[in-house]
Amino acid sequence: MRTGPTQCELSQQEVLTQPLAFTGNRAEAGKDWGGTSVSATARQAQDERGQAERLGIKPGQVVQELGYDTDTDEQLRQAITAVDGVELVDEDYEDVVDVVLMWWREDDGDLVDALVDALTPLADGGYIWLLTPKAGRTGHVEPSDIGEAAPTAGLAQTSSVSAARDWSGSRLVAPKARR
C-alpha cells in the first residue's frame, strides 16, 4: 500500500522553503500565504554545488580530468563546471593545473605510474582526487591498493569522500617537504 508520492513524483513537485500557515478555515486553505517555492531542479543544482564543494573545487581553478569514460559520473562533472570560472580540461592540456580529477578502475593499469604522471602538471599546493568505483561496483579498487600506491608515488592521502553515487574519492597531496 502506497502512502505518499514516489521519488519520481517528488522530483517533479515544487518544494516549499517556508511552511504555510493554516488557520483551519477551509475558505482560506487555497490562499497563498507567502511561502517561497523552488523547483526540484533548483534543489538538484544546490546538491551539485555541494558535490564540488566536498572536493574543495574553488572558483577560477583549472581541473584536469584523467580517465574519462562512459561510466564517469556526469552529475559530478557538471557540478565542477558549474563553479564560477572553473575550467575542466582533458589529459592533452599542457599547462599547470590546480586539481587533477582522476577516474580510476581496477583494470586501468599501474596506479603508481598513473599517479606519478598526474603530478607533472600539478601546481604547488595542488592536489589529486583519485576517484574509484565504490565497493560492489565494477572496477572497484581496494583502499589498501590506494594506500600502497600513494606513498610510492610520493603522495599522502589526506581524506576520503563519497564523491558521487557510484564513486569514492581519495584526496592525495605531495607532502609539504616536497612542495
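Reader: Let me start with Glu 65: is that residue buried or exposed?
Author: Glu 65 counts as buried because its relative accessibility is 6%, where buried means under 20% relative accessible area, exposed means over 50% and partly exposed lies in between, with a 1.4 Å probe and protein chains only. Please keep in mind that this is a predicted model, in which local features need pLDDT of at least 70 and side-chain atom pairs count only at pLDDT 80 or more, while totals for chains, interfaces and linings use all residues. Residues are numbered from 1 along each chain as its sequence is written, and side-chain values use heavy atoms, with hydrogens and water left out.

Reader: Where is Glu 65 found?
Author: Glu 65 is part of strand E3, which covers residues 62-66; helices (H or I, at least four residues) and strands (E, at least two) are DSSP runs, numbered from the N terminus. Between Glu 65 and Glu 91 there are 6.4 Å in space, C-alpha to C-alpha, although the two are 26 residues apart in sequence.

Reader: And how many helices and strands are there in the protein?
Author: The protein has five helices and eight strands, and along the sequence they follow the pattern α-β-β-α-β-α-β-β-α-β-α-β-β. Of its 179 residues, 35% are buried.

Reader: Changing topic, how many salt bridges does the structure hold?
Author: It holds six salt bridges, a salt bridge being a side-chain nitrogen of Lys or Arg within 4 Å of a carboxyl oxygen of Asp or Glu.

Reader: Which residue forms a salt bridge with Arg 137?
Author: Arg 137 pairs with Asp 166, and their closest N and O atoms are 3.0 Å apart. Arg 137 lies in the loop between strand E6 (122-133) and H5, and Asp 166 in the loop between strand E7 (156-164) and strand E8 (167-173), so the pair ties together parts that are 29 residues apart in sequence. Arg 137 counts as partly exposed at 34% relative accessibility, and Asp 166 counts as partly exposed at 25%.

Reader: What about Arg 165, which partner does it have?
Author: Arg 165 also forms a salt bridge with Asp 166, with 3.9 Å between the closest N and O atoms, and Arg 165 is exposed because its relative accessible area is 67%. Elsewhere, salt bridges that share partners join Glu 65, Glu 74 and Arg 77 into one network.

Reader: Now helix H5: which of its residues are buried?
Author: In helix H5, residues 143-152, the buried ones are Ile 146, Ala 149 and Ala 150. They sit on the same side of H5 because they cover an arc of only 100° around the axis, the arc being that of the directions from the helix axis to the C-beta atoms.

Reader: And which exposed residues are on the face turned away from that buried side?
Author: That face of H5 carries Glu 148, Pro 151 and Thr 152.

Reader: Which residues form the negative surface patch?
Author: The patch is formed by Glu 106, Asp 107, Glu 142, Asp 145 and Glu 148. Patches are made of residues with over 30% relative accessible area and no salt bridge, with like charges joined within 9 Å and nonpolar side chains (Val, Leu, Ile, Met, Phe, Trp, Tyr) within 5 Å. Glu 106 lies in the loop between strand E5 (97-103) and helix H4 (111-119), and it counts as exposed because its relative accessibility is 53%.

Conventions
Areas by Shrake-Rupley, 256 points an atom, 1.4 Å probe, with all protein chains shown as cover. Lys, Arg positive; Asp, Glu negative; His and termini not counted. Charge placed at Lys NZ, Arg CZ, Asp CG, Glu CD.
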